[in-house]
Amino acid sequence: MDPPPYESVLQDHGSNNFFSPVTAVSKEFEIEVADPVKQGESVAAYVSYKVRTKTTHVKYHAPFNEVTRRFRDFAWLHDKLVEKNKGHIVPPLPEKSAVQKYQMATDFIEQRRRALQVFVNRVASHPVLKDSSELETFLQANEEHWMLEIAKWQAETSAQHRPVSAAAQWFKNLQHSAQSLVSGRADEMQEDAEYIKIRDYINSLEGHLTEAHRQAGRLLRKEADLGAALTEFASAAELLGKQDNEGPMRVAFGCLYTRANEVAALSRMRSEAIAVEFAAPLKEFARTIKSVQVAMADRASALSAYSQAKSDLDSKKVRLAKFRGTPGLKEDKIAETERDVNEADQRLRNAKLGYETIRDTMREELNRFQKERAAEMSAVLRDFALAQAHSTAEQAKGWGELLRDLQQAAVGGS
Amino acid sequence: MASKGIIADPLRGGGAFDDQDMEDLTSHLANLPAGRTSHDGLDLVDHSELLGNLDRFRALAGDDSHDDLFVSYGGLGLGLSVSDSTIITTTNYPTYGELAAAKPPSYEDSIMYDQAPPLDMHIASVAGGDMDPLSAGHSSGAGPSDAAVAARPLGKRVSEQQLPPAVAMAPPGTSGNPSWTGAGWAARGVPSGASEPQAATVAAAVTGPGVRHSGFSTTDASGPSAAGRLGSLAPSGSAALRLDDIQQSPSPVAHGIAPSARHPGGGGGGGSFQHLSITVTDPVKREQGGLFGIKGGYVTYLVRTQARAPSTRPETTVRRRFREFVVLAQLLKGKYRGYFIPPRPEKNAVEGQRMTDGFVEERRIALERYLNKLAQHPVLGASEELRLFLEVDGELADSGAWLSLRPPNLGGSVLEGTAKFSKQILGLDRAVTDPVQASQPTKKATDFMRAIKETARSMQSPPSASSLPPDEVALVRAKEEVEALQGALAIGSRAAERLVNGLDRWSVVYGELGLVLIQMRNAEKADGVALAHHTGTLKQSGSLMHDTDRLGTALIRSSRIGRKVTGRCAIELACLHEYLGLMPAALKGLRARDKALLTADTVQSDLAGRRKAIADLEAAGAKVLGGDAAKAKKVAELNGDVAVLEQSVVVARARYDKIKEINQQEMSRLRCELRSDLLSMLHRYASIMSACSQRNLEIWLQAAEELQATKEQLQAAKACLVESDVHQQ
């Protein structure tokens, strides 16, 4: 008898995996990413998905809508949101995997489909991002409109960002850290001690989650290996049983063959379930941490701009004072310097405001992140334990039945 | 540094999951013999390696120090210390004692804490050398606390005296006889899942931690040697039980495992060596100055022999070195033709390795198993060679009785053989196989003429199957059977090895994932508090920490069960390796008969040839009147040869018949033992796996409950078991 699939058990009893925290928080959107279809050939090949939206949001005219999108389009949504929502923790996209993309293996596509669905639902349940025009465009724009957006975006990115973006970012960071060194880590000193602790913690958490995901990956492989080894052993045992010309061994090892294969099938199923219900969420948690780090980088650069503006103002003030103290200097020179000081002061205020906005946004975001993370992680852990229990129960059943079979064979044979 | 003590004693202190544990896991991983998957083909060269692996598995099985975890869970609560700064207080979680008190003991409990799966007490005795007195006490707990109480002093006795379980088991045999059979195979004929073993569980729950502890002190005290011992005791343990089965339980289930039919030769033989328990311990190195400054040396082992059943035989203790084992094997091989002689442990070619501790330990285990195998053999076990080997004090080479066992040097040396051969060529020697020679196998190195003749004879078209007597045909078939069996065993033992490897890696990865989670919880506790404070989410953070910790702990517990099960399976499935090792010996025994038959046939044809020559000469002589003196002389000579050869034919035939009879006995013994051993192996394996999954189920249900799964979810998770129970009833 085949054991029931995990999915059905989990659904029947309302156990949520992975998504339900998202959907539970907000029923405003229910978005499904479905029907992956491979398009095009060889290098230009890509996979398109149907994105089906069911929503009660006021901005959306139709309660149901379906559009066709590909990975690049999800990336558009992600990048736009990051760009326009500094300090917010924008849900992460699944990794671009160049190698796997060209293989287009079905399980990879399925894995990605799930991850994209998680991504878009997370955006739709985010208190700020859900109202964004970007999400609206993504979910609703028709083919023409959408192609236009994408073309615009590609032009922008190829013009300024793309080729240089990575290098520019790196350079910026370098510049920033050099500055920090020179100024005796001025930003650090201005930043709350508490925030710094949080930042360090987030950084270490990423390591832990990545490691946990790595181990979960090994776990599911070992589980599958064990299943394979058991299958092999079952066949070998059956062969051995056939060496006995009289009944008992043949029968007993035949029983082993049957039951061990059942248990091996459980291991294989368990392995697949671990991939979907445990490894994938852990991976997503690790990615979310990366999104937090992006927000933290925004904050750091805002702070750096702020402190730079401050030192700029200071130096300009010094210069003004010097000019004022110097007799015989032209009035307009002094006036010009005063204007500079005022401008610098204005810039400082802007920078301060920018930094403070991000800081406040992040406070809320971290709060939300922390609560969601705790709930989701707990749910994933619990579901893992439950699924383990379920699987081991099936195994126990299999082995128990083998024992009974063997006993019946022994009694019957005597 | 409050947790210092706990960390210092990870085995006792509820398991300190710190770096040491990590190291333990990783070193365990590193120790996995790599590349052992490369057994390509069925060649016998592999056997030594397989058997070596087997011993390594046993050693691995002995790496069972983590068993204590479960004790600690019981006795010391679920305290988990992760680093100096963080200890979860044990008060939050119920200790085992509380658990046991709080809910009625269930089937799972008995497995969880008792380690003796309900069906089978062989399992405990065979698998867990150090455990069996305890488990025996538990499983026989049908007569509830008496047996359990009996088990307590018993456990202590083992720990104090380090007696092998076989001896230690004699007391329960006498004190707990009725319950033994009661709870044994017979009563467990058809278990009804949960209800039946409950009685046993009560006893287990009552005595649980206390008895456990005394048991574990054995493990601790004997340290590394216990690891090896665990494995090496296995055969003796099982043999002891077999004995019990013979005497006490004519149970229906015993049919499959029926030991009573096992030893046609010596079922209850009082003087037989079969009921001996032999231990090989205490290797002592003797350094010797070798040539060229290379340090040579050898190791002597303490061989202790005890009777299993009460008997007049006193315990004997001798010191033997490997070389003496080699001589013993040679003597047995020379004398017991046609028997399936258990193979002797391999020699080691590399001088340098011979003295390493690891090698000495492996060899010690192998030698112990070898001697016990010999002692179990109905004929070899009663042999004078083995008796002297086990009993003679001092070096065997100094013992007259031992030296007298050496076979007479019949064919002489190679030099003599060469001299004789040249004479035979020139016709100076008659090249007649005399009766004494005919009773011995051909020595290719010293009796060239006979070897050549027999080879020539074997080159002739082999006798067709129809011309052979039916019993000979049956034995020719037997050879094919053994060869097929060897093939199947080779495949089986490789698959078993892979399975054990798979289990091992599986458990290691579980443990590692558990450790990662625990570390994550630590980081959360140490640094995450900042975020929790900042966001006012201390509560969520706390519950996440709790959940992570619980799951990590469950993974580690599961991993430990996995590792223990790995060890047990390795020991059980070793049965396959052992039989694989025996197959060449069986083939050799069967070939001895072929050779004897060849000798008989050759002598026979020699005889026929000479008779024909006489007849020809006489026919020729009859024509020539008066005869020819030279011819008459030749006829007389030939007649002399014929007389010798006639005797030789009789002797060779007799020898062939004897070996044939031995072959037949050995084949039926092999079939019988193989079947019963493999069946009981299968039984035990199934029991182990069943127990393992039951215990894992317990762990995961508990974990899921701690992680706030609802009752319905828990029910759903174990629904399939409930269904199958209902179905059974």
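Author: In β3(A), Arg69 of chain A is the residue opposite A:Tyr49. This comes from a predicted model. The two strands concerned are β2(A) and β3(A), the latter covering residues 64–70, and they pair in the antiparallel sense over seven bridges.

β2(A) has another partner as well. Strand β1 of chain A, residues 29–39, pairs with β2 of chain A, residues 46–55, again in the antiparallel sense, and here there are nine bridges. A:Val37 has A:Ser48 as its bridge partner in β2(A), while A:Ile31 stands opposite A:Thr53 in β2(A). Between the two strands of this hairpin lie six residues, and A:Gly40 takes a positive phi near 70°.

As a general point, strands of a sheet pair through backbone hydrogen bonds, either parallel or antiparallel. Side chains in a regular strand alternate between the two faces of the sheet.

Taken together, the strands form an open sheet of three, in the order β1-β2-β3 of chain A, with antiparallel pairing. β1 and β3 of chain A are the edge strands; each has a single partner strand, so one side of each has no neighbour in the sheet. On average, neighbouring strands of this sheet are turned by 20° against each other, direction ignored.

Two helices pack on this sheet. Helix α5 of chain A, residues 106–125, touches β1 and β2 of chain A, and its direction makes about 150° with that of β1(A). Helix α6 of chain A, residues 133–140, touches β1, β2 and β3 of chain A, and its direction makes about 90° with that of β3(A).

Now for the context of the chain. Chain A has three strands and eleven helices. Read from the N terminus, the order of elements is α-α-β-β-β-α-α-α-α-α-α-α-α-α. Of the 414 residues in chain A, 49% are buried. If one takes the contacts in chain A between residues at least 6 apart in sequence, 74% of them join residues at least 24 apart. The chain exposes about 19,700 Å², and carbon and sulfur atoms supply 55% of that area.

Methods:
Residues numbered from 1 in each chain as written. Chains lettered and ligands numbered in written order. Predicted model: local features only at pLDDT ≥ 70, side-chain atom pairs only at ≥ 80, totals over all residues. Heavy atoms only, no water. Pairing = 2+ DSSP bridges. Helix = DSSP H or I, 4+ residues; strand = E, 2+ residues; numbered from the N terminus. Axes fitted to C-alpha atoms, helices over the stretch in contact; angles between N-to-C directions. Contact = heavy atoms within 4.5 Å. Buried < 20%, exposed > 50% of the residue type's maximum accessible area, 1.4 Å probe, protein only. Areas by Shrake-Rupley, 256 points an atom, 1.4 Å probe, with all protein chains shown as cover.
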